[in-house]
Amino acid sequence: MRARRRDEKHRAATPLELFFDLCFVVAIAQAGRQLADALTEGHPGHGLAGYLMLFFAIWWAWMNFSWFSSAYDTDDPLYRVVTLVQMAGVLILAAGVPRAFESDFTLVWCGFVVMRLAMVTQWLRAAYGSRGAERRTALSYALGVTVCQVGWLGLLLLPKGAVPLVFVLVGALELAVPGLAERGWQTSWHARHIAERYGLFTIIVLGETIAAATLAVQSALDAHDAPGSLLPIAGGGLLLVFAAYWIYFAVPIHRHLRTNRQAFLWGYGHYLVFGSAAAIGAGIEVAVRESVGRADLSAYGAAACVTVPGALFLCTVWLIHSRHHKRGTAQQLVLPVSALLVLACTFAGRAAVPAAGLVAAATVAAGVHLTSRQDTAPAE
C-alpha cells in the first residue's frame, strides 16, 4: 500500500466509496428518527444528548475512512474486503441506535469496534508499505485508534451517569489523534477528492432529510387526511433543503484546503453541518406531528425543531465553508443575517416552516444577485 499523490490529476470518488457512504444512510435515518420521537414526546434534553453522541460516532467513523482513503486508496482486493468489513460495522451500529438512546451502548460499541479494528488494519498495512516519518505516522494512527476504542469501553463498564464524561473525554482524544499523528508527516490527502467526498455526503444527508419528511407527511395524511395543514410544512421544508443544497455547493472549497490546519478545521466543522442538516428532517417530522395533534409540545416548540437546526446549518456553512470565497461586506452578511431571520421564524408558530423556507429561498436569490453583480463589475 503506497500513498497517493496530492497533485494526482482527475482524482474522483470511487464506486466503493459511494457504496460505503450509502451504508451510513441507515444509521443517520435511525438517529434522526429517535431524535424526532424524543422531541415529539417532550424530552428535548434526552433526545439532543443521544443524538449528538450517536451522530458523533457515525460522523467520526465516516471521517476516519474518508481521509484515509484519500491518502491510501489502492482499491485492490484486500482494501475492498477490509472496507466491506467496515460497512458491516456501520450496519451493526445503525441497528444499535434505538437501544443507545435508552443508554444501552452494547450494539453500538460492537459496530464501532468492527469499523475501528478494520481501520487499524488499514493503517498497519500503510505502515508496512512505508518508511521513516510516514511509517511512524501510520503506526501512530493505529495506536491512537486502538487506545480510543478501549476508552469507549467506559460506555459499557461505567455507571450510566458517567456516559457524558466518557463521551467528552474520549471524544476529545479522538479529535486529537490526527493532529498528534501527523506532527512529523502529513498524509497525502487530495484536496479536490476530499471536497468531493464531503459534498457527496452532504447530498446523502439532505436526501435522508427529504425522505424523513416525506414519510412523516405520508403517515400523517394516512391517519388524519389533513392536506391543508401539511402542504405548507412540506413545501417550506422542501425549500429549506433545496436552499441548503444550493448554498453548500455555491463555492469551490477545495481551493481553500491547502494545509492540515485549514483542512482539519473545515473537516471537523462538518460535524455541525451534517448534524444540523439531518436534524432539519427530524424537525420537519416533529412539525408534521404537531400540526395533526400527535406531539406533546407547543407549535412554537415544534417550529424551533426546524428553525434552530436550519439556522445552525446556515451559520456553520458560512463560518467554515462559504466565507473564504465571499468578497465584500454585503456578501459576507447574507448567510449570518439569513440564519437570524430563520431563527426569528420560530415565533410564527405553525407558519414557521414555510416562512423559514421562503427566507432560505430569498437567501439564495440574494447570493446569486450579489455574485452576478461582482462578476459583471468593471475592473478597477
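Mentor: Let's start with a term: helices (H or I, at least four residues) and strands (E, at least two) are DSSP runs, numbered from the N terminus. L215 sits in one such run, helix α8 (residues 191-224). This is a predicted model, where local features need pLDDT of at least 70, side-chain atom pairs count only at pLDDT 80 or more, and totals for chains, interfaces and linings use all residues. Residues are numbered from 1 along each chain as its sequence is written, and side-chain values use heavy atoms, with hydrogens and water left out.

Trainee: How many helices and strands are there in the chain?

Mentor: The chain has 13 helices and 0 strands.

Trainee: Why is L215 called exposed?

Mentor: Buried means under 20% relative accessible area, exposed over 50%, and partly exposed in between (1.4 Å probe, protein chains only). L215 has 52% relative accessibility, so L215 counts as exposed. In space, L215 lies 8.3 Å from E285, C-alpha to C-alpha, although 70 residues separate the two in sequence.

Trainee: And what makes C345 buried or exposed?

Mentor: C345 has 9% relative accessibility, so C345 counts as buried. C110, at 30%, is partly exposed because of that value. Over the chain, buried residues make up 53% of the 380 residues.

Trainee: How do you know how many disulfides the structure has?

Mentor: A disulfide is a covalent bond between the sulfur atoms of two cysteines. Here the test is a pair of cysteine sulfur atoms within 2.5 Å, and a search of the whole structure finds 0 disulfides. C345 is in no disulfide, as the nearest cysteine sulfur, that of C305, is 15 Å away. For C110, the closest cysteine sulfur is in C148 at 18 Å, so the two are too far apart for a bond.

Trainee: Why does the radius of gyration of the chain agree with a compact globule?

Mentor: The radius of gyration is taken over C-alpha atoms, and the globule rule is 2.2 Å times the number of residues to the power 0.38. With 380 residues, the rule gives a value near 21 Å, and the chain has 21 Å, so the two agree. Along its principal axes, the C-alpha trace spans about 65 × 65 × 35 Å.

Trainee: What percentage of the contacts join residues at least 24 apart?

Mentor: Contact means heavy atoms within 4.5 Å. Among contacts between residues at least 6 apart in sequence, 81% join residues at least 24 apart.
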